[in-house]
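Colleague: Could you walk me through this one, please? I'd like the conventions as we go along.

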Amino acid sequence: MEDIVNQVLNNTPEKKDTLASLKALSVAVTERARQRIDFAKPLLTRFGNGIIYPNTINVVQGKSGVHKSRLVEVILSSLLSPSSKDEHLDFRRSADYKIYGVLADTERNLNEQLPYALQQLKRLTNTTLEDDIQNFTPITLIKIDRTDRFDVLKHFLDDLRKRVKDHLFIVLDVVTDCVENFNDPKSSMKLIDLMNSYINEYNLTFLCVIHENPNSNDKARGHLGTELNNKSSTVLQIGFESKESELIKVKYLKCRKSKRFDPIYMMYSEEAKGLVLADQQQVLTAKESRQVKASISKVKNKIKEVLLSPMQKNDLVVLLTTQFNCGTRTIEERLKEILETKQLFTDEQNDTFYLERYKEGRTVFFRLTKNIT
């Protein structure tokens with residue numbers, strides 16, 4: 001499709017006759033619809049699930065100080081790793097593409113912060129300190145006047161596309177600094193239109209890093225953030241599980257080509273100087289610390305006390321909501337958590353059991369089943 005569109009655009013005087021261009025593109029799309037469509041394989045996967053696809057716009061968003069750039073380092077290093085068998089936080093690049101990465105930074109200082117970030121990328125891609133990462137170019141817009149950044153970025157990408165034939169993976173960190181005013185629809189749409197044009201005309205994918213509004217749960221900053229969310233294929237949100245916790249949660253807010261996957265839990269490691277996967281106990285501890293009512297441990301104790309034989313779901317939920325003076329939704333969330341994390345119950349003989357959910361006809365039951373190892 002890309003070749004057809006480019007051929008039409010190159011042979012159509014679009015600036016002089018946009019109607020002719022529109023008609024030509026209609027013919028091209030109609031012709032392509034008569035052919036077999038082989039959907040592109042993902043650039044980046046996790047446990048075999050496609051996370052980022054070629055020729056798309058993608059977003060990593062989060063509040064200030066939640067390690068957005070470190071998550072992007074992991075994603076970028078996964079795509080730049082010499083071997084497609086390398087994994088970083090279980091992210092893995094596809095062997096079907098040769099990728100050239102670009103990190104366009106707008107925030108970090110040039111003496112320590114940005115050079116150190118590049119060193120982290122070297123560490124993650126097994127590149128020595130003295131060597132440069134293959135198929136990768138870092139740039140900084142920090143000394144470019146904000147009113148000129150859009151044009152400078154456009155000229156850079158146009159020039160790079162002429163010289164590099166591999167698939168370009170462009171990270172804009174942070175994307176709101178690439179426009180004159182991220183709250184201005186005209187300024188915002190100018191950048192988004194550029195990205196939309198490039199992913200259709202070039203062999204290119206964008207990953208945009210953006211801050212969230214301080215007082216919102218999942219709203220990226222400004223008009224630019226709203227429109228990016230609309231146009232993006234994958235949106236990842238990173239943040240702390242709670243204000244008191246060091247547990248980091250990466251949530252899939254949007255997956256255009258699939259269902260939304262389960263969250264990823266991470267911790268920042270001083271030893272690794274980066275993000276590492278959290279273990280199950282760290283996840284459970286952090287979740288329980290913010291459960292004001294009906295904590296997992298208390299619900300488990302009550303279940304062990306009352307679930308001496310199979311019980312209908314509705315009866316168990318009513319019993320637990322009465323016991324803990326909370327809503328049905330709270331109890332259902334606790335039951336779901338106990339089931340999904342396969343938590344064990346121990347009796348006086350030190351035998352272990354797990355909570356099982358099953359159906360008889362249309363009626364849902366719960367029971368404790370002995371754990372046989």
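Modeller: Let me begin with a convention: helices (H or I, at least four residues) and strands (E, at least two) are DSSP runs, numbered from the N terminus. This is a predicted model, in which local features need pLDDT of at least 70 and side-chain atom pairs count only at pLDDT 80 or more, while totals for chains, interfaces and linings use all residues. Residues are numbered from 1 along each chain as its sequence is written, and side-chain values use heavy atoms, with hydrogens and water left out.

Colleague: OK, how far apart in helix H7 are Lys-231 and Glu-227?

Modeller: They sit four residues apart in H7 (residues 222–231), and are therefore separated by about one helical turn. Lys-231 forms a salt bridge with Glu-227, the closest N and O atoms being 3.4 Å apart; the term stands for a side-chain nitrogen of Lys or Arg within 4 Å of a carboxyl oxygen of Asp or Glu.

Colleague: And is Glu-227 buried or exposed?

Modeller: Glu-227 counts as buried, at 14% relative accessibility, whereas Lys-231, at 30%, counts as partly exposed. Buried means under 20% relative accessible area, exposed over 50%, and partly exposed in between (1.4 Å probe, protein chains only).

Colleague: How many salt bridges does that rule give?

Modeller: The count comes to 21 salt bridges. One of them joins Glu-305 to Lys-302, with the closest N and O atoms 3.1 Å apart, and that Lys-302 is buried, with a relative accessible area of 14%. Elsewhere, salt bridges that share partners join Glu-73, Asp-105, Arg-108 and Asp-173 into one network.

Colleague: Switching topic, which residues have the most contacts inside the largest nonpolar core?

Modeller: Those are Leu-71, Ile-75 and Phe-169, in a core of 36 residues, where a nonpolar core is a set of buried Ala, Val, Leu, Ile, Met, Phe, Trp, Tyr and Cys residues joined through side-chain atoms within 4.5 Å. Helix H3 (residues 68–80) supplies the largest share of this core, seven residues. Apart from that core lies another, of 35 residues, among them Val-59, Leu-168, Ala-220 and Leu-224.

Colleague: Last one: which residues of H2 are buried?

Modeller: In H2, Ser-21, Ala-28 and Arg-32 are buried. Seen down the axis of H2, the buried residues fall within an arc of 35°, so they line one face of the helix; the arc is that of the directions from the helix axis to the C-beta atoms. The face of H2 turned away from its buried side carries the exposed residues Leu-22, Lys-23 and Val-27.
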